[in-house]
Amino acid sequence: MCGIVGYVGTEARAQDMILDGLRRLEYRGYDSAGIAIVEDGKLRVVRALGKLVNLEAALRDVPLAGPIGIGHTRWATHGRPSEQNAHPHVAGTIAVIGNGIIENFRDLRDELIARGRKFGSETDTEIISHLIHEEREKGLPLPEAVRAAARHLDGSYAIAVLDESLPDRIVIAKNGGNPIIIGKGRSENMVASDIPTILPYTRDVLILEDREIGTITADSVDITDFDGNPVEREERRIHWDPVQAEKGGYDRFMQKEIHEQPRAISDTIGTRVLEDAAELDLDGIQLDPGLIAGLKGVTLVACGTAWHACLLGKLMIESLARVPCEVDLASEFRYRDPLIGPGHLIVPVSQSGETADTIAALREGRSRGATSLAVCNVHESTIAREADHVLYTHAGPEIGVASTKAFTTQVVALHLLALELGLKRGALAPERARELMHELRRLPRLVDACLELWDPLEGIARRHMHAPDFLFLGRGYGFPIALEGALKLKEISYIHAEGYASGEMKHGPIALIDDGVPVVIVANQPSIYAKVISNAEEVRARGGVVIAVVDEHNSEVDRYADEVIRVPATSSEMLGAVLATIPLQILAYHVATLKGTDVDQPRNLAKSVTVE
């Protein structure tokens, strides 16, 4: 959730413009900030750990006066939060800020070090500054140097580049899902990672597309693709009001956060996966080897949506690590005299890190001698501070009360933990680990493809929005998704909805099925598809309406379902659960908005439950 701001004009006000832009990006969350300005022909950089006020305080002591500069707020995806790891990163005359992940940065870093390059940070962005500087030393113009450096980069990123020797231009580049835009002014132009950043100064914007490079001066913008071909791009006039601007142009925060999931999942994966080596680097987390080898059990504790993520985590941990795993509602954990102690791992899962019941469960587990590893989104939250280890999800702030991107990133984080335990315990073969890591790297793109279901799902929602009840069925990895789909619908639309394991339908829930009752069946797991389809036949025999979620290769389901939702196929049924989640979020959103409810602030609910 890093933020990019750049300014080039004819007056020496770059510092004020950039700081104002960074303030408008504070809602995204960050752990450090920095700024680079060319002043009297010299590149000057100031960085600070923590909030923007710390950077502002540093600039009061050494103000920067120049007409061009770049600024950044960073949320660490790897490399601890520190001034050293804050952007901008400098190599020679080049300063770079960036969002995203460079997947092959370790190999590139090793190559650069072998060529004598010195590094001052643990970040992947610093390698970009060195690559560009090397190309500049060969005599390439700055846009060509950026283009040449981009040929070496694997990953999804957006960058802004400043060169001390060319103090009249900023060069930007984009590959993948990290946005970057250009704001057109009079004798001044801006760049930013978010449209609301520039709206106080201009409403005329150009949006950089994938595999494009932009060169921005005070009075010109030139865009080319990565092959050097010129790109003609029309300006867009933005008419958002301040509230729309805060939501990034989306109608509601929930809508925005559903669409942020490809980026959020990409940030959760980050550079933690070393696919070629079948290894992981979980931000330096080092569990005791003796604990891992002799692990007696893992206990996952959470509430609400996070509990559903834990149900998936249990299946993944037991499958990949071959160790017993329990899932407890945090609100019940310490009232049942749990069998946990030394040799056990307790994993509290919480978006906010302030959920009272989950904090209490963490403390109970630690008091009994268990080692704790938290899965959390918010740095320096209570759970993050009190746990022995923390695996951050890097989802960014989630404003909507009904959790979307927090859930999917929690599932991905638990998948990473399952992989780590499986490899360290010798229960997971490296070849299998590589396959799963490969699918994990594909996941953000597959989730992005799921978002194309947005409009078709509105039609399904419109046809069934007046139903008084919904049932959700799933088996295996689909069962927690059925629970989560039902929770989303009831939270924001106030329709009664229940999730059940498919095999349990005949043990009671089948009595609820009547003419017109929508039954959503999660059926994108090929290994159990036949079992799930038998449930569909039973539903239709009783007059129910079958809404089936299947993978894109499934054509047989059309015989059994009234409505079919197809998601991309993946060889990992564990990750297929994430793909099945997206359309259920979208379906709930459309049903709720068509009924006119407040999806961002549903009645009676709070974002973080900080009391028991």
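Is Ser187 buried, exposed or partly exposed? Ser187 is partly exposed, because its relative accessible area is 44%, and the points below take up this residue together with others in what is a predicted model.

1. Most residues other than glycine have a negative phi. Ser187, however, has a positive phi near 55°, and its place is in the loop that runs between strand E9 (181–184) and strand E10 (188–192). Arg322 likewise has a positive phi, near 55°, and sits in the loop between helix H10 (304–321) and strand E18 (325–329). Arg322 counts as exposed because its relative accessibility is 58%.

2. A cis peptide bond. Most peptide bonds are trans, but the bond leading from His87 to Pro88 is cis in this model, with omega near 0°. Pro88 belongs to the loop between strand E4 (68–74) and strand E5 (89–91), which is the place to look when checking this bond against the structure above.

3. Surroundings of Pro167. This proline is in the loop between strand E7 (155–163) and strand E8 (170–175), and it counts as partly exposed, since its relative accessibility is 39%. When neighbours within four places in sequence are set aside, Pro167 is in contact with Val38 and Ile68.

4. Surroundings of Asp222. Asp222 lies in strand E13 (residues 221–225) and counts as partly exposed because its relative accessibility is 48%. Residues up to four places away in sequence not being counted, Asp222 touches Ile213, Gly214 and Thr215. Asp222 and Ile340 are 118 residues apart in sequence, and their C-alpha atoms are 62 Å apart in space.

5. Salt bridges. Side chains of opposite charge can pair when their charged atoms come close, and the structure holds 40 salt bridges. One of them joins Glu39 to Arg44, with 2.1 Å from N to O; Glu39 is buried, because its relative accessible area is 14%, whereas Arg44 counts as partly exposed at 28% relative accessibility. Another is formed by Glu134 with Arg115, whose closest N and O atoms are 2.8 Å apart. That pair links distant parts of the chain, 19 residues apart, with Glu134 in helix H4 (residues 125–137) and Arg115 in the loop between helix H3 (105–114) and H4. Glu134 counts as buried at 14% relative accessibility, and Arg115 as partly exposed at 48%.

6. Arg336 counts as partly exposed, with 37% relative accessibility, while Asp328 counts as buried, with 9%.

7. A negative patch. Which residues form the negative surface patch? The patch is formed by Asp107, Asp110, Glu111 and Asp276. Asp276 is found in the loop between strand E15 (273–274) and strand E16 (279–280), and it counts as exposed because its relative accessibility is 67%.

Terms used: Residues are numbered from 1 along each chain as its sequence is written. This is a predicted model: local features need pLDDT of at least 70, side-chain atom pairs count only at pLDDT 80 or more; totals for chains, interfaces and linings use all residues. Side-chain values use heavy atoms; hydrogens and water are left out. Patches are made of residues with over 30% relative accessible area and no salt bridge: like charges are joined within 9 Å, nonpolar side chains (Val, Leu, Ile, Met, Phe, Trp, Tyr) within 5 Å. Accessible areas come from the Shrake-Rupley method with a 1.4 Å probe; for residues, only the protein chains shown count as cover. A salt bridge is a side-chain nitrogen of Lys or Arg within 4 Å of a carboxyl oxygen of Asp or Glu. Lys and Arg count as positive and Asp and Glu as negative; His and the chain ends are not counted. The place of a charge is taken as NZ of Lys, CZ of Arg, CG of Asp or CD of Glu. Helices (H or I, at least four residues) and strands (E, at least two) are DSSP runs, numbered from the N terminus. Buried means under 20% relative accessible area, exposed over 50%, partly exposed in between (1.4 Å probe, protein chains only). Contact means heavy atoms within 4.5 Å.
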